[in-house]
Amino acid sequence: MWQRGDIRKRIIQKYAENSVALIEVFGKDVSRECSVCGFIGVKDHGIYICSVCGYSDDEKANTSRNAKKRGESGKELSVKTAREGK
Ligand SMILES: [Zn+2]
């Protein structure tokens, strides 16, 4: 049985083992924000649609782009290097 926080701990451990830096970002609206223009769009059957700029893509791809952008733009919660681990 998984305990609360187990998956997070396991991810942190795997990143450290593979010498990969882990950057945690704010999750608020990360799946609702348009990764192109930043406005809030809608999701329909796995597809993300922005009514402002017309961008549409798989909703998970849009969410991933937003998370990447947040990490790159300094909106991260914390940055852990491989040596810090936990
Ligand atoms: Zn947009």
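Me: What makes H1 hardly covered?

Reply: The count of buried residues among the 12 residues of H1 is zero. Buried takes 20 or more other C-beta atoms within 10 Å of a residue's own, and no residue of H1 is counted as buried. Keep in mind that this is a predicted model.

Me: How do you know that the span of H1 is close to the expected one?

Reply: Helix H1, residues 6-17, reaches 16 Å from its first C-alpha to its last, and 16 Å is also what you'd expect at 1.5 Å a residue. Serine 19 follows H1, with a positive phi near 55 degrees.

Me: What share of the protein is buried?

Reply: Buried residues come to 12% of the 86 residues.

Me: Why are E3 and E4 called paired?

Reply: A pair needs at least two bridges found by DSSP. Strand E3 (residues 47-49) is joined to E4 by three bridges, so the two count as paired, and they run antiparallel.

Me: What makes E2 and E4 edge strands?

Reply: The open sheet has three strands in the order E2-E3-E4, with antiparallel pairing. Strand E2 (42-44) and strand E4 (56-58) each pair on one side only. From one strand to the next, the twist averages 25 degrees.

Me: Which helix packs on that sheet, and which strands does this helix touch?

Reply: That's helix H2, residues 59-72, touching E2, E3 and E4. The direction of H2 makes about 95 degrees with that of E4.

Me: How does the whole protein read along the sequence?

Reply: The pattern is α-β-β-β-β-α-β, which comes to two helices and five strands.

Technical notes
Residues numbered from 1 in each chain as written. Predicted model: local features only at pLDDT ≥ 70, side-chain atom pairs only at ≥ 80, totals over all residues. Helix = DSSP H or I, 4+ residues; strand = E, 2+ residues; numbered from the N terminus. Expected span 1.5 Å × (residues − 1). Axes fitted to C-alpha atoms, helices over the stretch in contact; angles between N-to-C directions. Contact = placed C-beta atoms within 7 Å.
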